[in-house]
Amino acid sequence: MSVYFVISYDIVDFEEFRKYPPKVWDFLQVNEGELLASDTDAEAIEGGRRMMHAIIRFPTREKVLACFNSVEYQNEIKPHRHNSTTNTQVVLVQGIEQAA
């Protein structure tokens, strides 16, 4: 069953952040991650909002956790986001199986 990786954060260093999207895009392509939404102009209809929001679908919880915890992501990709953002929130949301 699909699992959704939902991330929100504020970008504070745009020059450093520019390195993150192409690296994470390539990483997702080979790791079964499907970018469903990405928005720097989301509309908050209740509560606060961050500057950046993204939703990525993975085939299983195990797959998303393996990707997120991989040496490649942790050492080569994630530092670009960590060094350029604040107020990060990441949640995993379980998909719903639709009845046939």
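Residues are numbered from 1 along each chain as its sequence is written. Because the model is predicted, local features need pLDDT of at least 70 and side-chain atom pairs count only at pLDDT 80 or more, whereas totals for chains, interfaces and linings use all residues, and side-chain values use heavy atoms, with hydrogens and water left out.

Two or more lining residues come from each of β1 (3-11), α2 (20-30), β2 (34-39), β3 (52-58) and α3 (61-68), where helices (H or I, at least four residues) and strands (E, at least two) are DSSP runs numbered from the N terminus. The most is given by α2, with six residues. By class, the lining has 19 nonpolar residues (Ala, Val, Leu, Ile, Met, Phe, Trp, Tyr, Cys and Pro), one polar residue and no charged residues (Asp, Glu, Lys and Arg), the others, Gly among them, counting as polar.

The axes of α2 and α4 (residues 71-82), fitted to C-alpha atoms over the stretch in contact, come within 8 Å and cross at roughly 150 degrees; the two helices are therefore roughly antiparallel (over 145 degrees, on a scale from 0 to 180 between N-to-C directions). In their contact (heavy atoms within 4.5 Å), Tyr20, Lys23, Val24 and Phe27 of α2 meet Glu72, Tyr73, Glu76, Ile77, His80 and Arg81 of α4, and these residues divide into five nonpolar, one polar and four charged.

Positive phi values occur at glutamate 32, near 65 degrees, in the loop between α2 and β2, and at asparagine 87, about 55 degrees, in strand β4 (residues 85-94).

Technical notes: Angles under 35 degrees count as roughly parallel, over 145 as roughly antiparallel, 65 to 115 as roughly perpendicular and the rest as oblique.
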